[in-house]
Amino acid sequence: MGYVAVKGGTKAIEEALKRIQYERLKQGKSLDVSSVESGMRALIDQVMSESSLYSETLAALAIKQAEGSPEEAVFLLRAYRSTLPRKHYSRTVESEQMRIHRRISASFKDIPGGQILGATTDYSHRLLDFELRDETEESITAWLRNFEHQGQDDMQQTRGEVEEQLPKVLSYLRSEGLIEDCSKDDTEPEDVTRSSLSFPASRSEKLQILSRGQTGTITSLAYAVIRGYGMVHPTVGELRVGHLPVYVDSPTETSQDEEDAYYIGEIQVTEVEMLVPKTVEAENGKKDIQLDFGYGLCYGQNETKAIAMSILDKSLAEGDKTIPTQNEEFVLYHIDSVESSGFISHLKMPHYVTFQSKLNDVRKIKQSESAQAKEENAHAESL
């Protein structure tokens, strides 16, 4: 069956776009981009992570344009990102240099430098705060003034800011030989935004795709790992939230000396090192317990995603393709926000020709069955 011409399609699309604008503005109010940026921190962090573009302002703009839809906002930012030239590569970022706002360990009560709760809802009652309906700029200013008038030490403790660099929790386990030491790998990482993914995927490709994967999907798959696919209950060795400095080499110097690098800013990230116990066969035939670990790092304060990422990192390292959450093709192909939401959304687009073809096949089968039934009835009556 050939294509059927559809008249008025362009006009209908134009009106549909106007209707989107109307739905956004029909209450006579418009969200200010700065208000989105200041009041939707968690959503902005999620969108930045999934779009692989660190810009709180652009993420806020995308969220406003997408009317709060994370997948649409990510799509917009990914599209914008693809138009940007890449002028420099930063120097390798060392997470030990993090200016920490939050640092906890679920594995140890006492850690060098102490547990730093920082900003978290982990200990809140999860009750609706109806006072927020009446929040005004004046009440916000008064609260901030009161907060900033606290003693300097108390304010620093409340804000959870630690200027000095704190040691990694897992380094103490390594010093005791309880966990494998990680040798530095200076191999140039693959760039999944510039080359197609191929299998087997390198570690850098896996971590990139996990870092920019859809938060809900990664969380669900990590949950599946723990519930039904063989991973013993993991424990957060260390979770850090803070800012990392970013440097680029001088374009005029060829020595690549660290002193010649330029500081261009900092990015907020969440980093998780997850401890995972595993059972191994000992020489005497007995089974021993060893500690392994998974790693997760993503933009912003995005703790659930970073934890889930570390679980999937360890799961993918096992590499048993009969288990979905250890099959890198299954996991890496299905966690991308734009790919998955785009394919599902495309089902709304016209499929007239392919569906008509299927419909014709169904009709032919029904007609054939009906003709056969008539023949059988006629033969039965003749007997």
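## A helix wrapped up inside

Of the 16 residues of helix H11, 12 are buried, so this helix is largely enclosed by the rest of the structure. Here, buried means under 20% relative accessible area, exposed means over 50%, and partly exposed is in between (1.4 Å probe, protein chains only). This is a predicted model, where local features need pLDDT of at least 70 and side-chain atom pairs count only at pLDDT 80 or more, while totals for chains, interfaces and linings use all residues. Residues are numbered from 1 along each chain as its sequence is written, and side-chain values use heavy atoms, with hydrogens and water left out.

You can find H11 at residues 303-318. From its first C-alpha to its last, H11 reaches 24 Å, close to the 22 Å expected at 1.5 Å a residue. That expected span is 1.5 Å times one less than the number of residues in the helix. Helices (H or I, at least four residues) and strands (E, at least two) are DSSP runs, numbered from the N terminus. The buried residues of H11 include Ala306, Ala308, Met309, Ile311 and Leu312, and charged ones such as Glu303, Lys305, Asp313 and Lys314 are among them too. After H11 comes Gly319, with a positive phi near 70 degrees.

Now look at helix H1, which covers residues 9-25 and contains Leu17. Together with Ile13 and Ile20, Leu17 makes a nonpolar surface patch of about 310 Å². Patches are built from residues with over 30% relative accessible area and no salt bridge; like charges are joined within 9 Å, and nonpolar side chains (Val, Leu, Ile, Met, Phe, Trp, Tyr) within 5 Å. The areas come from the Shrake-Rupley method with a 1.4 Å probe, and for residues only the protein chains shown count as cover. Leu17 counts as exposed because its relative accessibility is 54%.

A salt bridge is a side-chain nitrogen of Lys or Arg within 4 Å of a carboxyl oxygen of Asp or Glu. With a relative accessible area of 34%, Glu15 is partly exposed, whereas Lys18 is exposed at 52%. Lys11 joins Glu15 and Lys18 in a network of salt bridges.

## Salt bridges under cover

How many salt bridges does the structure hold? The count is 19. One of them is formed by the side chains of Lys206 and Glu328 (3.5 Å, N to O). Lys206 belongs to helix H9 (residues 203-211) and Glu328 to helix H12 (residues 328-334), so this pair ties together parts that are 122 residues apart in sequence. Are these two partners buried or exposed? Lys206 counts as buried because its relative accessibility is 13%, and Glu328 counts as buried at 9%.

Another salt bridge brings together the side chains of Arg240 and Glu238 (2.6 Å, N to O). Both Arg240 and Glu238 are buried.

## Charge on a loop

On the surface, Asp129, Glu131, Asp134 and Glu135 gather in a patch of negative charge. The place of a charge is taken as NZ of Lys, CZ of Arg, CG of Asp or CD of Glu. Glu131 sits in the loop between strand E1 (99-104) and helix H6 (137-148), and Glu131 is exposed, with a relative accessible area of 65%.

Most residues other than glycine have a negative phi, and most peptide bonds are trans. Arg126, in the loop between E1 and H6, has a positive phi of about 55 degrees although it is not a glycine. Arg126 is exposed, at 57% relative accessibility. Ser52 has a positive phi as well, near 60 degrees, and is found in the loop between helix H3 (41-51) and helix H4 (56-65).

Which two residues are joined by a cis peptide bond? They are Phe199 and Pro200, with omega about 0 degrees. Pro200 lies in the loop between helix H8 (170-175) and H9.
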